[in-house]
Structures are given as structure tokens and as C-alpha cells.
Amino acid sequence: GWRARPTERAHRARFAHSREDRLPDLDAWRILINGEHGMVLDELPQDNSDLPPRYAEPLSEEAKEEIRGYWTTLRPELEHLADADVNKLERALELAFRAHQGQKRKSGEHYIIHPVAVAVLLSQLNMDAEAICAGLLHDTVEDTDLTFPAIAARFGTVVSRIVEGETKVSKLPRLAISGANPNPDPELQWRKKEEEQAENLRQMFIAMAEDFRIIVVKLADRLHNMRTLKHMPPEKQKRISRETLDIFAPLAHRLGIWHFKSELEDKAFMYLYPREYKKLLRKLRRREDGYKAALESSKNALVLRLSQDPMLRNEAVGIAVTGRMKEMYSLWMKMEHTERSLDYIQDTVALRVVLDLAKRENEDEDSYQMRGVWLCYHVLGLVQHLPGYRPMPAQVKDYISFPKPNGYQSLHTSIMHNGQVVEVQIRTSWMHRIAEFGYAAHWQYAKTRYTVQEEVEMGQNVSGEARPDDEQGTAAELLRRSENSTRTQETAGKTFEQSP
């Protein structure tokens with residue numbers, strides 16, 4: 001065996017050779033890499049009769065050093081897992097390294113960088129050990145001499161099934177594109193065919209996936225590929241970006257994994273519409289100082305008002321107020337659909353208010369969540385009466401009473417100051433978790449597993465009660481629950497005038 005060391009500076013420099021391609025939050029957790037993460041990584045079992053001979057060969061010191069570097073990248077993201085699961089992922093990393101040894105990406109980097117990046121993305125969603133393990137191994141059967149039985153023998157049938165499902169799902173876009181008519185007539189027919197094809201593929205993804213985690217692994221795989229797409233030829237950049245915009249981003253949106261969805265869209269936008277992307281970027285940069293000033297002043301005014309409110313202080317509510325800019329693709333689409341210029345888009349800048357409530361002694365889950373909902377409406381009233389700001393009552397959207405089909409809940413309103421409109425989103429901490437990670441927010445495993453079917457009834461219950469493994473919901477069932485909801489997307493987006 002060999003021991004992972006706390007610092008591998010040279011390797012990390014190679015792994016994150018440019019800031020654009022770095023894994024998210026690399027610098028934020030770099031300081032955590034110290035002695036407590038130095039864990040023993042075992043060599044593969046002695047019985048490797050089911051593997052090609054090269055897997056039984058001893059690792060060189062250089063190879064061990066390289067694996068240690070990858071481990072220091074992944075290990076800080078695994079704090080939500082039990083030690084036994086962490087040990088399992090150590091072994092998966094070594095097997096993935098051996099399988100991909102000698103392979104290179106288009107960038108010239110070692111191929112293993114990609115599955116490690118996918119595993120980090122899954123870890124940041126707090127996915128379970130099986131999903132992260134499958135992320136490390138997701139390309140091994142398709143691109144190397146590793147087999148599904150070999151994976152199952154070492155990591156269980158669940159991991160093997162996820163890898164197999166992800167491999168099948170990966171082939172769907174290629175099959176669809178190869179079967180498309182290259183010369184449709186007229187143009188409208190081709191666009192309609194593309195839209196139908198994309199929707200059929202999304203439905204096939206759901207129908208095929210015996211396990212929700214298959215789809216999440218595929219989305220993480222696509223997200224990292226989009227982050228490194230600059231190394232591909234222009235023709236392939238456009239093809240992959242079109243797949244991403246038509247299939248993968250809508251799928252991430254349907255599942256509520258917002259930060260996957262928004263980054264997939266923005267990356268695809270950059271490659272598919274480079275002229276429009278650069279034009280919008282220039283406009284945003286010219287207005288950047290004004291946007292920042294509007295966010296800063298409105299944030300300060302709102303924080304002051306909320307901190308002085310007797311009811312919030314009495315409830316001991318933790319309050320986080322943050323600012324954000326609307327994603328570029330969403331902004332561009334809104335400008336295109338409304339035929340308005342950037343100055344007339346009212347949610348270009350927004351503040352997010354997240355309320356963190358402490359649960360009272362003997363308070364049941366329903367009462368706890370109802371109290372949080374009530375406080376959200378209370379904060380809405382404070383926002384609309386913020387001194388020096390003019391409320392825009394017609395812009396209030398109630399996604400708490402009418403959640404989106406993917407479970408999203410928040411109150412949206414808008415205020416104006418010095419001619420600049422600022423949107424304000426109000427939600428509780430559990431609503432925020434669903435808003436950022438969607439169904440993946442409920443798929444957190446340690447020693448127990450949480451079923452989305454039990455926990456998510458349009459975002460109403462996030463109690464986290466454990467359920468047996470054999471009662472997991474399939475991805476198809478998850479989607480049906482959102483589609484069959486009586487609270488439709490149209491109702492969720494309904495605006496109403498707020499009484500003073």
C-alpha cells in the first residue's frame with residue numbers, strides 16, 4: 001500500500017493549468033488539504049484474474065505520486081461520506097487511473113483528469129459513494145479494457161449499473177444525429193424535427209434510467225466536457241453545444257439542478273452564438289459599475305431593514321443576503337423573446353434573501369416549515385416598504401404557493417431605486433437547497449438513503465427520513481410526479497398585485 005500526502009503542489013499546478021479550466025472552488029478548499037486527509041490507498045486485490053495482466057503490475061513511484069495528487073483534489077469534497085465509502089473511492093480512483101493510463105485528452109492532459117473532475121462535481125452535489133464511484137469509472141468500459149463484471153466484482157452491482165446506464169445514455173445524442181435528415185425542406189420542418197428529437201431524447205433519458213443517479217453522472221460528465229470544449233475543433237464545438245442546449249440543459253432544468261443548467265447554457269451559448277455572446281458581454285461590461293452600485297446599495301438598505309425588524313429578531317432567524325447577475329443565455333433569450341433592449345430587462349440584477357430558521361424544541365416538521373413560509377411573506381412586506389425604494393407590485397411572483405414542477409420555491413418581487421430595477425428573491429434555507437440542486441438535494445447518502453418520492457411533494461417536505469434501499473424512486477417516477485402535479489408551470493409563473 002501507499003499513503004496519500006497532504007500537499008502535491010506540482011501536480012495540482014498541472015491539474016489546474018488555467019483558472020478557466022479549474023475545478024470549482026479549488027482555491028477555497030486548498031487550505032483544507034493537510035494531515036487529516038492523508039489516507040492509506042490500497043493496491044488492487046491480489047486476485048486480478050478477471051483483469052488484463054497490466055492491472056496486476058506494480059505501480060511506479062511516479063504513478064503513485066500522480067494518484068496522490070488526484071486524491072488531494074477529490075478528498076476534501078468527501079466529508080459527507082463515511083470512512084468505508086471514502087476507502088471505496090480510493091480504490092475506484094486507483095482502478096480508474098490504471099484503466100486510463102496512457103490515454104490523453106485533446107488538451108494533452110492525462111485522461112484521468114476528466115473522471116476526477118466529474119467525481120468532484122458529484123461530490124459537490126452531496127451524491128452518495130456509488131454515484132461518485134461511477135463518476136470515476138464512467139468511461140472505463142467504453143474507452144478501456146475494463147468490463148462491467150470487473151466493476152461489479154469490486155464495487156457492487158449498483159455502481160456497475162450506473163456506469164452501464166451512463167454509457168448507454170451517452171450514445172443517445174449520436175444515434176439521434178446520425179438518423180436525422182441532413183437536407184430538410186423547408187427550414188421550418190428541420191427545426192421542428194430538431195425540437196421533437198430533443199424532447200424524445202429527454203424522455204428516453206428518463207425512461208432508460210433505472211436509477212436517478214445515472215442522469216446526474218451524465219450531466220456532470222457533460223458539464224466538465226463543456227468546460228474544456230475549447231480544445232475541440234470548431235465543428236465539434238458547435239455539435240456538442242447544440243446537444244447541450246437542446247438536451248442536457250433542459251434535462252438539468254427539469255431536475256432542478258440549477259447551477260448545472262445555467263453553466264451548461266452559458267457555455268453552449270458562447271460556442272453556438274459567438275457574435276451575440278460577445279456583443280452582450282460588451283453591453284454588460286459597460287453597465288457593470290452601475291449594476292454593482294445598485295446591488296451594493298440595495299443590499300445594504302435591505303440588510304439594515306431586516307436586522308432591525310423585531311419579529312425576525314424574536315424568531316432568531318439567520319439571514320443571508322447575496323447579489324447575482326442574470327445568466328447570459330437567459331438574459332439573451334429574454335431580450336430575443338420580448339424584443340427589448342438590455343436596459344428594459346427588469347431582472348438583470350437580483351438580491352437573494354435566504355432565511356435560516358432554528359427548529360424549536362418539540363416543533364414538528366410541518367409547523368417548522370409553515371413558520372418558515374410565513375416569515376418569507378413577512379420579509380416580502382418589508383422589502384416592498386423598503387425606505388427610499390419604490391415597489392413594483394405587479395412584478396410579484398409567488399413560487400411558494402405555486403412551486404415550479406421541478407420543486408423550486410421562492411417569492412420574487414422587484415424594487416426600483418434611481419431608475420435601476422432590482423429583483424429580490426426570498427426563500428428559506430431548505431427552499432434554497434432545492435433551488436440550487438433540485439432533486440439531487442435529496443439524494444444524499446451516508447449510512448441511509450433518502451427517497452425523493454417521500455421527501456419531495458413539490459418541495460413541501462424535506463424532513464430527510466430514511467428509507468430502505470429497495471424503495472428508491474426511479475428517474476421516470478420522479479419526472480412523472482412533477483409532471484402530474486396539479487400545480488403547473490403556468491400557474492407557478494402567475495403574477496399578482498400585492499396588497500399594501
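Which helix holds both Tyr 329 and Trp 332, and how many residues apart are they? I looked this up and found both in helix 17 (residues 328-338), 3 residues apart, about one turn of the helix. Helices here are DSSP runs of H or I with at least four residues, numbered from the N terminus.

**Ground rules**

I am working on a predicted model, where local features need pLDDT of at least 70 and side-chain atom pairs count only at pLDDT 80 or more, while totals for chains, interfaces and linings use all residues. Residues are numbered from 1 along each chain as its sequence is written, and side-chain values use heavy atoms, with hydrogens and water left out.

**Confidence**

I noted a mean pLDDT (the predictor's confidence in each residue, from 0 to 100) of 79 for the protein, with 71% of its residues at 70 or more. Residues 1-42 have pLDDT below 50, and in the model this stretch makes 89 contacts beyond near neighbours in sequence. Residues 481-500 are also below 50, with 40 such contacts. A contact means heavy atoms within 4.5 Å.

**Aromatic pairs**

I searched the whole structure and got 8 aromatic pairs. Rings of Phe, Tyr and Trp (its six-membered ring) pair if their centres lie within 6.5 Å; planes under 30 degrees apart count as stacked, over 60 as edge-to-face and the rest as tilted. Tyr 329 and Trp 332 form a tilted pair, at 6.1 Å centre to centre and 45 degrees between the planes. Both residues are buried (under 20% relative accessible area, with exposed over 50% and partly exposed in between, 1.4 Å probe, protein chains only).

I then checked Tyr 368 and Trp 430: their ring centres are 5.1 Å apart and their planes at 45 degrees, so this pair is tilted. The pair links distant parts of the chain, with Tyr 368 in helix 18 (residues 365-384) and Trp 430 in helix 19 (residues 429-437), 62 residues apart. Tyr 368 counts as buried because its relative accessibility is 11%. Trp 430 has a relative accessible area of 7%, so Trp 430 is buried.

I also found a cluster in which ring pairs link Phe 269, Tyr 273, Tyr 277, Tyr 329 and Trp 332.

**Helices 11 and 13**

I looked up how helix 11 (residues 212-227) packs on helix 13 (residues 258-272): the angle is about 35 degrees and the axes are 10 Å apart. Axes are lines fitted to C-alpha atoms over the stretch in contact, and angles run from 0 to 180 degrees between N-to-C directions. Among the residues that meet are Val 216, Leu 219 and Leu 223 in helix 11 and Phe 260, Leu 264 and Tyr 271 in helix 13.

Terms used: Helix = DSSP H or I, 4+ residues; strand = E, 2+ residues; numbered from the N terminus.
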